[in-house]
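Hello,

Here is the structure we spoke of handing over. My notes on it follow below.

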Amino acid sequence: MHNTDELYSFLKNYKGFKRVENYITKVWAVDQRFQGKDPEYKPTREEVEQYQIDKERIKEAHESYKVVERILNEKEERNDEGNLSTLFFCKWTSKSDLRLSWPTLTTDLQYNECTWESYEEIRQGAQEAIDAFHERQARNTVPARSVPYGINNRPAYSPCKDDPDYIKVGGELKPFQLVGLNWLSYIWSKGENGVLADEVSQTISDLSGELMIRWA
């Protein structure tokens, strides 16, 4: 969103200039060859077609990088004019399916590349993500609002004869998984430790149940 076009002579004075040189080698030089600037390079028609497809996909990916996927936090700061401004911590859309036939510097935007953006800059396309963030923050299941149970102050064990409502989200536990879930719930109620090897489903279900109890 904040990219600008700058001269080579301007950029070389800044830290991180190696990335510019990498871009020239891996992207700009390739463009020059496919655009006929290198008389010794004669790509086949198939290579030219693939190059054009890749260029279009890169362009689409760059556009998607300006789309807010999720809001992670919110704060208020004073801008340069001294006015109070609302900022949102944005996770940007990631083109994880981007596969190219020639090397580029195009990468997915992950959580380590989240940025703070003002409401004025993102409000046109991010209102849905902002509303979803506010909805999540208002829930009673936010960890900061949960009530922890001590080892000796936990609810009595109550076995599940069927899948609990809190995990009915499109699948169901197998009978042996339900047994594992009940065992995990039992030892949790007793304040004891336990691990089910190789059974992620029961563990996740048990954690979901514990969180539902704590947040009830």
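E69 has a relative accessible area of 43% and is therefore partly exposed; that label covers the range between buried, under 20% relative accessible area, and exposed, over 50% (1.4 Å probe, protein chains only). This is a predicted model, in which local features need pLDDT of at least 70 and side-chain atom pairs count only at pLDDT 80 or more, while totals for chains, interfaces and linings use all residues. Residues are numbered from 1 along each chain as its sequence is written, and side-chain values use heavy atoms, with hydrogens and water left out.

Salt bridges

E69 forms a salt bridge with K91, with 3.5 Å between the closest N and O atoms; the term requires a side-chain nitrogen of Lys or Arg within 4 Å of a carboxyl oxygen of Asp or Glu. Because E69 lies in strand β1 (residues 68-78) and K91 in strand β2 (residues 84-92), the pair ties together parts that are 22 residues apart in sequence. Helices (H or I, at least four residues) and strands (E, at least two) are DSSP runs, numbered from the N terminus. K91 is buried, at 2% relative accessibility.

The whole structure holds 4 salt bridges. Another of them joins D31 and K55, whose closest N and O atoms are 3.2 Å apart. D31 belongs to helix α2 (residues 17-34) and K55 to helix α3 (residues 45-64), so this pair links parts 24 residues apart in sequence. D31 is buried at 9% relative accessible area, whereas K55 is partly exposed at 34%.

E77 and K75 also form a salt bridge, and here the closest N and O atoms are 3.0 Å apart. E77 is partly exposed at 36%, and K75 is partly exposed at 28%.

Chain as a whole

The chain has 6 helices and 3 strands, in the order α-α-α-β-β-β-α-α-α along the sequence. Of its 216 residues, 25% are buried. Among contacts (heavy atoms within 4.5 Å) with a separation of 6 or more, 57% are between residues 24 or more positions apart. The chain exposes about 15,800 Å², and carbon and sulfur atoms supply 50% of that; areas come from the Shrake-Rupley method with a 1.4 Å probe, and for residues only the protein chains shown count as cover.

Surface patch

L7, F10 and Y14 make a nonpolar surface patch of about 340 Å². Patches are made of residues with over 30% relative accessible area and no salt bridge, with like charges joined within 9 Å and nonpolar side chains (Val, Leu, Ile, Met, Phe, Trp, Tyr) within 5 Å. F10 sits in helix α1 (residues 8-11) and is partly exposed, at 38% relative accessibility.

Regards
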